[in-house]
Amino acid sequence: FGAIPGSSIALPLQTSPTSASYVQSVLRLTCSGMAPKTLLLSAVAVCSYLVITGASSDDHRSVEEALIESDECAGGGSDEQCALAAVQLRGQRMQGGLEQGQDREHGGGAHPTHADVDFVSGNYTVSRRSVPASAPALAATAAAPSQWSSWLGRPPVHAPAPEHGDGKYRLDWEAKGTNFFEGFDFLTTDGNHGASDFVGSYEDAKKAGVAVATGSHAILRAGPRSSHHFKRLTGKIGTKKTWKHFLAAVRFTHVPYGCGVWPAFFTLGAGVEWPSGGEMDILEYVNDQGSMTSFHTSKQCKLDPAQVNKYGSMPDANLVANNNNNYNCLTKYCATCTSLGCAPNKMPLLTGQQWANRPGVFAMERTASFAKLFFIPDADVPGDLSAGKPTPEAWDRWIISYYPFGDSAATCPQPDDIMAPQRFILQVAFCGDWASKVWGDSATCQRTGPTFNATATKNKLQIDTKKQPGQCRAVDPLAEYAPEQDCCTQFITDAEDQYQTDHYLHERAFFNISWFKVFT
């Protein structure tokens, strides 16, 4: 890649010379606005990645996606911190930091850089290119300051606890280790009219391979095909406790994704008819669409745009669906409804696959006047949270969504009562009102499973399975019941094992949770 302008350091790149242009492009995308010193550190991280993978110019898309989707420079924090964390993590991988054999499902340790990267028998596999994990260390040939080599191989540093000290929150509830599921009920209701057959107990979930708790992590995943027609076994859990005002934090090392998959992590007003008690979606997405936070209520509540955006630009992701009624939290679902709830989100919205490759902590703070949602990358987890004395007022840089109910009192009356005491729910659902309906919006899903018939989908035509075997269309279950025609249902249930759906979901459709804590 040659010498970086303004520096006396030449970085060797053991790949095709044509790599230079797209490495520079990637640096601009992931490190725009950085000071030259910081940009130089990030260049080392990029070059380290390329040396490891042996990437060349024909890997442009893979390399760019890997760095944009999971590099620490895209995860928040100061430029210096994110660049240093990137160098550290790249160096750790170069020196065999993944040789412990931990993958994303077992142990929740270090992660490959890209969704297509797996650690198998000491090899990194990127875009079907395999090179030994012991690839030459960059520091061996680079004319770099000696301290750089001492940075390589160190684990990412954690942000220090805020200087103002103790926070007001104390631990009230925790789920972790082999007892992880003791604080949850296994729920069986499916209000989404989909292909989910939720198991009703932890014992049944263990037998079906849907849930398991170990000393280090818990798994909640898609299970095998159900004995019920057009259904697949899966898991949905809800906390036995509820909270009115709280700070909750959950560390995920993997979240579900894939065609036909509808994962969600959300809160729900307990003992109140939906959506009167409020529902806060922290993570929710289908197929390969981006995940967005959103809030739902049956009460009149419209957020003040100026207050919503005081922590940075957070456009309403439901603006178009709500017929341009900005930040309107009123919710009613039907085939033609345009009141789908308010959804202020920092952009861009990341897909489930991108979140699956970004281990970290999702957190939610609910007070009498607001709700804040955070995502904190693993490398940045603050010392106050690790110490059990969190101070979320110091976490503003990690806010991904903000709901200023109190500061919107003119259009959102009784802000403290907009949410009843909430329970937390995690689910791995399939198809239904959303994932089935938008199947045709995804080029990837159109190529997955049965043959997608765009004409039948657009015109809601019945497919003659005798004349057109193996074809399907996207079905909206709110408008009609036709699972035998629905692409999503046909793929997820895979009645005749035509599509290898069991393997597809086993590799993708699971939560890996290290711990779940609620502070009050």
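Over which ring does the charged end of Lys372 sit? A few friendly notes on the aromatic side chains follow.

1. This is a predicted model, in which local features need pLDDT of at least 70, side-chain atom pairs count only at pLDDT 80 or more, and totals for chains, interfaces and linings use all residues. Residues are numbered from 1 along each chain as its sequence is written, and side-chain values use heavy atoms, with hydrogens and water left out.

2. To the opening question: the ring is that of Phe370, with the charged end of Lys372 5.1 Å from its centre. A charge sits over a ring if NZ of Lys or CZ of Arg is within 6 Å of the ring centre and within 35 degrees of the ring normal. Lys517 likewise lies over the face of Trp515, 4.6 Å from the ring centre.

3. Rings of Phe, Tyr and Trp (its six-membered ring) pair if their centres lie within 6.5 Å; planes under 30 degrees apart count as stacked, over 60 as edge-to-face and the rest as tilted. The count by this rule is 31 aromatic pairs. One of them joins Phe265 and Phe516: the centres are 5.9 Å apart and the planes at 85°, so this pair is edge-to-face. Phe265 belongs to strand 14 (residues 261-269) and Phe516 to strand 25 (residues 510-519), 251 residues apart. Strands (E, at least two residues) are DSSP runs, numbered from the N terminus.

4. Phe265 is buried at a relative accessible area of 2%, and Phe516 is buried at 0%. Buried means under 20% relative accessible area (1.4 Å probe, protein chains only).

5. Phe362 and Phe375 make a tilted pair, 4.8 Å centre to centre with 50° between the planes.

Note on methods. Helix = DSSP H or I, 4+ residues; strand = E, 2+ residues; numbered from the N terminus. Buried < 20%, exposed > 50% of the residue type's maximum accessible area, 1.4 Å probe, protein only.
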